[in-house]
Amino acid sequence: MRIQALRRPAVWVWLAAMLIGAWLAARATYVADLSAFLPSSPSAEQRVLLEQLRHGVTARVMLVGVRGGDAALRGEASRGLATALRASGAFDSVSNGDHLDSPKAVGELLMAHRYLLSPAVDAQRFSVDGLRDGIADTTSMLGTPAGAWIKPLLWRDPTGEMARLAETLLPSGGPRVEAGVWVSRSQPRALLVAITRAGGSDLDGQAQAIDALRHAFAPWAARGLSLDLSGAGVLGVQSRTLIKAEVERLALWDGAIVLALLLLAFGSLKALGVALLPVASGVLAGTVAVSLGFGQVHGMTLGFGTTLIGEAVDYAIYYLVQARATPATGSGALHWRRHNWPTVRWGLLTSLAGFSALVFSGFGGLAQLGVFSVAGLLAAALTTRYLLTDLAPDGAPGLGLRMRLGQATARAAAALPQLRWFWGGLGAAALALLLVLPSAWRGQLTHLSPVSAQALTLDASLRADLGAAELGTLVAIEAPDEATALQRAEQASARLDPLVAAGLLAGYESPTRLLPSAATQAARQAALPDADTLRARLKQATADGLLPADRLEPFIADVQAQRQAKPVTRADYDGTPLATALQAQLLPAAGGRPWTVLLSLRAGTQALPAARLRDAMQGLPDTRVVEIQPELDALYARYLREAFWQSALGALAVLLILYAGLRSLRRLWRVALPLAASVVLVLAGLTLAGVALGVLHLVGLLLVVAVGSNYALFFDQLAQQEAQAADAETLASLLLANLTIVASFALLCTSSVPLLVALGEVVAPGTLLCLLLSASWARRPGGVGQSAP
Amino acid sequence: MRLELRRRALCLLLVLAPLAASAAPADLGGLLTLLAGVKSGEATFTETRQVTLQDMTRTLESSGRLSFAAPDTFVRETLKPRRERLAVAGNTLTMSQGSRSRSVPLDTVPEAQVLVEAVRGTLTGNRELLDRHFTLQFSGSLDQWTLELVPREPRLREQVARVTVSGVRAALTEVQVQLAGGDRSTMKIVESRVP
């Protein structure tokens with residue numbers, strides 16, 4: 001028989017398709033970051049946010065903590081690690097609070113342009129009074145520890161512009177310093193911040209950076225120190241590892257459970273092997289379709305793929321059991337194709353209709369789920385229809401416990417209609433509950449993230465130590481070119497400065513500190529006097545004799561050099577650690593997006609209401625106040641709303657297709673009622689259990705309707721075949737299919753990935769209810785299950 | 001018998017040893033207790049800084065007001081030659097110069113922290129705080145004492161070599177800061193009000 005099967009073209013077509021599919025799947029890119037769950041057509045505020053999340057420097061920040069030993073050892077480790085990381089080439093910059101370590105090149109660059117960069121420079125600053133004040137500011141630091149920094153520059157920089165620059169560039173918050181390096185205030189831990197060279201969404205690059213870090217830390221680990229590691233990239237890599245492990249674990253367990261069930265039902269290894277073919281084909285087809293359609297496959301889509309095992313195996317079970325039903329050898333496939341395939345095909349069509357609604361989602365993650373499901377189900381059904389009929393023309397050879405299963409099912413099916421009023425009452429009560437209870441649809445974007453609570457706690461504690469609050473408020477400015485962007489940033493800064501002076505804001509970051517607009521730099525240059533004028537004024541300004549004027553010639557020379565200097569440009573910072581800071585604040589135009597400036601605000605002791613900020617920014621062109629957390633919440637709300645519409649459309653499509661086939665509102669009602677009741681019961685149950693419902697629950701409900709419609713259709717079919725009452729085999733196939741899907745999805749509830757749990761807790765009870773309700777409310781209560789073989 | 005004698009001697013030694021060891025700190029303890037009793041105060045100061053600039057030596061003079069309120073507020077207001085204000089409250093250091101003002105967490109600037117804690121720790125008689133940052137050397141008597149504070153952290157000693165605080169009973173009379181580079185500042189304090 002096997003030889004015979006090999007002669008069939010279906011086998012070869014399938015094999016070729018599988019080989020190509022496997023090759024394509026092996027070449028696919030797998031990602032696990034949150035970006036797939038971000039919208040493709042965002043609002044202006046969201047665009048800024050997404051740009052940051054996807055490509056911003058924030059996505060490249062690695063937060064490092066060093067624990068163990070004593071403060072001196074941790075300090076030594078921090079310095080050693082920073083040196084090693086800077087040398088590793090995997091990082092753009094590494095900071096650990098050790099100012100002595102800051103590269104010379106930066107200091108020289110700033111020194112050489114200080115009169116173009118310092119906010120203090122104007123004509124007044126170079127008047128006799130201005131010079132006297134500036135010099136007094138500087139000399140007042142002599143004889144204090146700060147004097148050690150000032151003395152070497154004193155004759156070149158008597159007005160202290162470098163001190164001014166340092167003041168504006170160094171954040172006023174920051175971690176505690178102990179043994180010369182950043183340390184936590186709350187626990188014995190030294191802190192470092194490293195900016196990876198690899199982009200935040202380049203998880204392979206991030207993984208390499210993590211490896212480089214662990215390698216550099218090995219000598220310290222050997223001395224008993226340990227590492228705390230977090231940051232967007234680190235969490236991304238962790239998520240990917242977690243999802244990968246979970247997908248593997250679930251696939252393994254799922255496979256084992258399905259195998260056990262099939263083995264029990266068929267008692268045949270061959271049947272088992274055959275039953276798994278549609279599943280394998282479906283997962284492969286889904287992966288390849290997503291990879292071809294999106295250029296990458298999200299790890300979560302694959303996680304979802306394991307659940308497809310539950311549904312795709314249904315097709316195999318239906319076939320293997322139902323084709324077995326005919327007495328004549330060799331005619332099973334033909335009989336099944338004639339009598340059962342139309343119903344299966346119909347169920348398939350409704351499932352496809354349900355999931356294709358997701359394909360058009362503006363959110364990549366949902367669209368991937370849709371494409372995966374459609375392609376996967378289609379492949380599984382086609383494999384069943386064409387390959388299985390060739391490989392096992394008479395269905396499953398073995399009998400196993402199926403006979404008993406069938407009899408039990410028949411008895412249950414006969415008894416269930418007695419419960420019709422119970423289910424009806426329960427459904428009505430659930431509906432009433434849903435109407436009365438507050439809505440449980442309060443999921444958040446972070447619920448989609450597989451990052452563990454423990455990892456989030458560590459991330460939060462490192463951020464708190466570093467004074468790097470993740471969620472805050474931004475002023476985002478867009479402009480057609482760099483010059484305009486910088487000018488607008490200066491305008492916005494002029495509005496923010498009074499708020500800072502009034503103590504309403506602790507401060508803000510602006511790219512114009514490093515890169516003032518060309519106009520501002522030109523104005524500062526114009527304020528610099530020529531050598532003779534400066535010399536004359538200095539003589540008066542230094543009359544107190546503290547700093548003799550004739551020693552200040554280096555100052556005069558520097559001022560003259562900078563009068564002629566070319567203005568500072570972005571390129572001047574390339575290759576310095578400051579480039580990273582600048583990149584975070586000034587994003588060049590790319591891919592149709594304009595130049596963007598991001599001024600991140602540091603809240604004062606009390607948060608400044610956004611409305612107040614918006615008032616302050618009133619009238620500035622293309623300048624927006626973006627509050628990150630509310631914006632993320634709005635994003636998720638939109639996500640959910642869109643998914644609701646798609647699910648509603650999907651459900652409508654399912655109804656239309658059912659009606660097209662049933663051609664009777666009465667029958668449509670009978671088929672749709674169990675599905676609707678199951679959805680209501682599951683929702684009521686989850687609401688009562690206090691679960692925060694989100695997008696994945698919605699997708700789960702869609703799956704319930706898609707799978708459940710198969711059961712409902714079967715019972716409708718049975719009711720139509722009044723003459724020949726349902727045979728135990730068909731009922732057994734339904735129960736078996738249901739058991740596998742319930743088992744698969746119940747397994748998801750054990751996952752540590754929240755979105756898989758969400759799917760599991762909806763689909764497992766939902767599909768079980770669909771079967772129970774379809775059986776309970778089947779027409780002709782006495783008609784089913786009476787003709788046991 | 002001899003054994004017994006030796007045992008007794010040993011016991012005596014054990015009993016007396018702590019007393020002997022704590023003889024000096026007993027005065028330090030007494031001083032800190034005395035200081036801790038003062039909850040607030042105001043004073044005027046005159047400060048002289050000896051600064052070396054290449055081959056020149058310069059003396060900078062300034063004067064102003066000091067005020068302190070337990071547990072952790074300390075303000076130094078310079079009136080001459082120019083107005084300048086330096087205020088510490090808890091972990092916040094605020095420096096004001098003319099119209100400009102800047103606040104930083106004190107513990108982010110260890111070299112400033114060490115100076116602040118030397119004065120604040122002494123004023124509040126906070127032994128635990130002083131021990132955390134410095135090795136202490138007490139000399140003199142309660143009526144005329146000198147407390148020498150050397151930063152514990154080697155890297156800080158490369159900036160601030162030593163802070164010497166002198167006083168008469170519960171009143172500070174002088175704070176001298178010796179910087180590692182050779183510069184030195186001496187602040188003489190005249191208490192104006194003891195509440």
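**Figure 1. Strand 13 of chain A is largely enclosed by the rest of the structure, because four of its five residues are buried.** The model shown here and in the other views is predicted. Strand 13 covers residues 623-627. Strand 9 (residues 473-479) of chain A runs antiparallel to strand 13 of chain A, and five bridges join the two. One of the paired positions links Val475(A) with Val625(A), the latter lying in strand 13 of chain A.

**Figure 2. The largest nonpolar core of the predicted model has 135 residues.** Leu320(A), Val704(A) and Leu759(A) have the most contacts inside this core. Helix 28 (residues 695-720) of chain A gives the most to the core, with 17 residues. Another core, of 41 residues, lies apart from the largest one. Its members include Val31(A), Val57(A), Ala194(A) and Leu203(A).

**Figure 3. Surroundings of Val704(A).** Neighbours within four places in sequence are left aside here. Val704(A) is then in contact with Ser678(A), Val679(A) and Val682(A), and also with Val762(A), Val763(A), Gly766(A), Thr767(A) and Cys770(A).

**Figure 4. Domain 1 and domain 2 of chain A.** Domain 1 is made up of residues 2-31, 236-449 and 632-776, and domain 2 of residues 61-234 and 521-568. Taken over C-alpha atoms, the centres of the two domains are separated by 60 Å. Where they touch, five residues of domain 1 of chain A are in contact with seven residues of domain 2 of chain A. Helix 11 (residues 232-266) of chain A gives the most to the domain 1 side, with four residues. The residues on that side of domain 1 divide into two nonpolar, two polar and one charged.

Definitions and conventions. Residues are numbered from 1 along each chain as its sequence is written. Chains are lettered from A and ligands numbered from 1 in the order in which they are written. This is a predicted model: local features need pLDDT of at least 70, side-chain atom pairs count only at pLDDT 80 or more; totals for chains, interfaces and linings use all residues. A nonpolar core is a set of buried Ala, Val, Leu, Ile, Met, Phe, Trp, Tyr and Cys residues joined through C-beta atoms within 7 Å. A residue is buried if 20 or more other C-beta atoms lie within 10 Å of its own, exposed if 12 or fewer, and partly exposed in between; C-beta atoms are placed from the backbone. Two residues are in contact if their C-beta atoms, placed from the backbone, lie within 7 Å. Two strands pair if DSSP finds at least two bridges between them. Domain bounds come from an automatic or database domain assignment. Ala, Val, Leu, Ile, Met, Phe, Trp, Tyr, Cys and Pro count as nonpolar, Asp, Glu, Lys and Arg as charged, and the others, Gly among them, as polar.
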